[in-house]
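Hi,

Here is the structure I said I'd pass on.

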Amino acid sequence: MTETTKTPVPDAVPTPPPAPRGLIALPEAAARALLLAGGIATAASAFLAWTWTAEFPGDLTINGYPGGLQWLTFTAGILTTLFALAAYGIRGLGWLLPARNNAPLALTALGGFTVTWFTVIAISAKLGGVVNLEPGGWIAAIASLLPVLGAFALPQERTGTDGTKEAIKAYIAKPDRIPAAQAIAPWIQRAVITVVTIIGLGVFTYGIDTEYGELFIGYLFVVTFAMWAVHTAGLMDRFSALVAANRSFTLAMGFAAAIAFPFTQTDDHYANIGVNILIFGTVALGLNIVVGLAGLLDLGYVAFLGVGAYTAALVSGSEFSTISGVHLPFWASAIAGAAASLVFGVLIGAPTLRLRGDYLAIVTLGFGEIFRIAVNNMDGDSGPDVTNGPNGIANIPDLNFFGFNFGQAHDIGGFTLGRFANYYLLMVLIMAIVVLVYTRAADSRIGRSWIAIREDETAATAMGINGFRVKLVAFALGAALAGLAGTVSAHVTYSVVPTPYQFAGSTPPNSAFLLAAVVLGGMGTVAGPLLGAALLYLLPEKLVFLQDKSLLAFGIALILLMRFRPEGIIANRRRQLEFHETGQLDVPKQTTLTDEPAVTKAGA
């Protein structure tokens, strides 16, 4: 009997996954070439005349030299070209793409396309049709479309693993495990931080110096897409690692850039914008203690700014002050304003902070309205004569601090500092004090208690934290910082009236804008509220046509922010992990104590 031998069946060969493709069917080599050529063409098109008349602001009628919005198109084209060359692996540009992905290429291309087409449409709308476009305008529109087509023909997936964001995150978490060959010398780290600070100062100065609304909108387009591209490229993560290793130096460079700002200005009006941004940012940072750290929703916070401003106005020697003959020096009026706001914070917080959530928000909203109505009625007719009612306290004299008159121009090193520049430098000093107080408080035992209360008040109380006392300290400290900023605000504006101190209005400061600045910038951070305050102050200042629709615009912006970046522009690490699951956010995956990947149930 013959034995039948069974022939073994070979294992099925697994089908390889399909190669990643872009949204547009185009060979990858052709797509990269189109992207590079389009970036160069976009930058070159800025040197052509886009219209025949100088009626459109910026004078886009000159061949051979960009003007106005053309400079933004040129910048976007250069950024697209640099990222495209880095994707080719050009020596010396590899650091631009540590994440080894194609997203930054698409974002920079979109930035150039957006600002160019916005300019072309604005020219047509302002001058009365596309007939007002010169051939250069049409060339620019087509040139800016080419890199977009090339970018979207590329696969939007990582093309490598070396230097990805996971590695960057690991570097941030455990820099001692990075090989010595990849370590960066301390002086190079500080040089990079210095260069980034200078670039940041230049970008901020350009935004403040924009002379018309169209230029500011184009500036927002380019900056937004460029920062987005930098973030997706992994550069932001690497810079965060440098900042974490050089916190003191980074903070010093930030304040050095802030001090240098008025020396870059030739018009004191822009220094006025700067000082108001710092006042607004200081108040927002105080609110960040209440909202961002302690998790208390305060809808009447602007009242504490008003308490400090009115206190300073009453004791600073104004002829309209109802306290005649009282003229305290600035340091005394500043302490008086901060102390008065602190007292009001305790008086309001003591009976209300036992409430939680929406109930607390309603009570604080009521306090803000009570303050505005009260100072409006303290005119001697409807109530005691304290604040002069709706007329307020006018003719507040300029500060004279150790013989330095803030109301006069001063020449320093060949630069002339006007009145608002003087107050700006004073606010930089106050901002340094506020940041020091905030950081020390946030890193202290009471700061950790605030965070515990914010995360879960019931659990924190069960662990022995006195929730009421901790919340009252946050309320009082935040109120004191707002009152300190209010003392400077009273002198900058020459007068104090009850109108601005309301929940919502067309221009800051008001409680809605302050809360939006904290949420927009990033709750629980130092730089977040400052960035949010700068944006929310600049937008109404530069975009005059939004005055009546500012709340609608900011509401839409906040909805989009909650959808795409709920943790804010500058995110707190803890809040980032709360809003994003591992895998959705580029964070290191969980590991065991031996640094091996954690075993999931599926793979057990």
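A word on cavities before anything else: on a 1 Å grid over the protein atoms alone, a cavity is a set of points where a 1.4 Å probe fits but cannot get out, and its lining residues have an atom within 4 Å of a point. Bear in mind that this is a predicted model, where local features need pLDDT of at least 70 and side-chain atom pairs count only at pLDDT 80 or more, while totals for chains, interfaces and linings use all residues. Residues are numbered from 1 along each chain as its sequence is written, and side-chain values use heavy atoms, with hydrogens and water left out.

On to the cavities. There are 2 of 30 Å³ or more, with grid points joined across faces, edges and corners and volume taken as the space filled by probe spheres set on the points. The largest holds about 40 Å³, and around it sit Ala76, Leu79, Thr108, Gly111, Val222, Phe225 and Ala226. Helices H2 (69-87), H3 and H7 (213-233) each give two or more residues to that lining (helices are DSSP runs of H or I, at least four residues, numbered from the N terminus). H7 gives the most, with 3 residues. By type, the lining has 5 nonpolar residues, 2 polar and no charged; Ala, Val, Leu, Ile, Met, Phe, Trp, Tyr, Cys and Pro count as nonpolar, Asp, Glu, Lys and Arg as charged, and the others, Gly among them, as polar.

The second largest cavity comes to about 30 Å³. Its lining includes Thr42, Ala76, Thr80, Thr108, Phe113, Ser144 and Pro147. H2, H3 and H4 (135-152) supply at least two residues each, and H3 has the largest share, 4 residues.

Just after H3, Gly128 takes a positive phi of about 100°.

Last, two helix pairs. The axes of H1 (residues 28-45) and H4 come within 7 Å and cross at roughly 155°. Axes are lines fitted to C-alpha atoms, for helices over the stretch in contact, and angles run from 0 to 180 degrees between N-to-C directions. H1 and H4 are therefore roughly antiparallel, a label for angles over 145 degrees, with under 35 roughly parallel, 65 to 115 roughly perpendicular and the rest oblique. H11 (residues 302-315) and H12 (residues 330-352) come within 8 Å, axis to axis, and cross at roughly 140°, so this pair is oblique.

Cheers

Technical notes. 1 Å grid on protein atoms, 1.4 Å probe; cavity = no way out; pocket = protein on both sides within 12 Å on 5 of 7 lines; lining within 4 Å.
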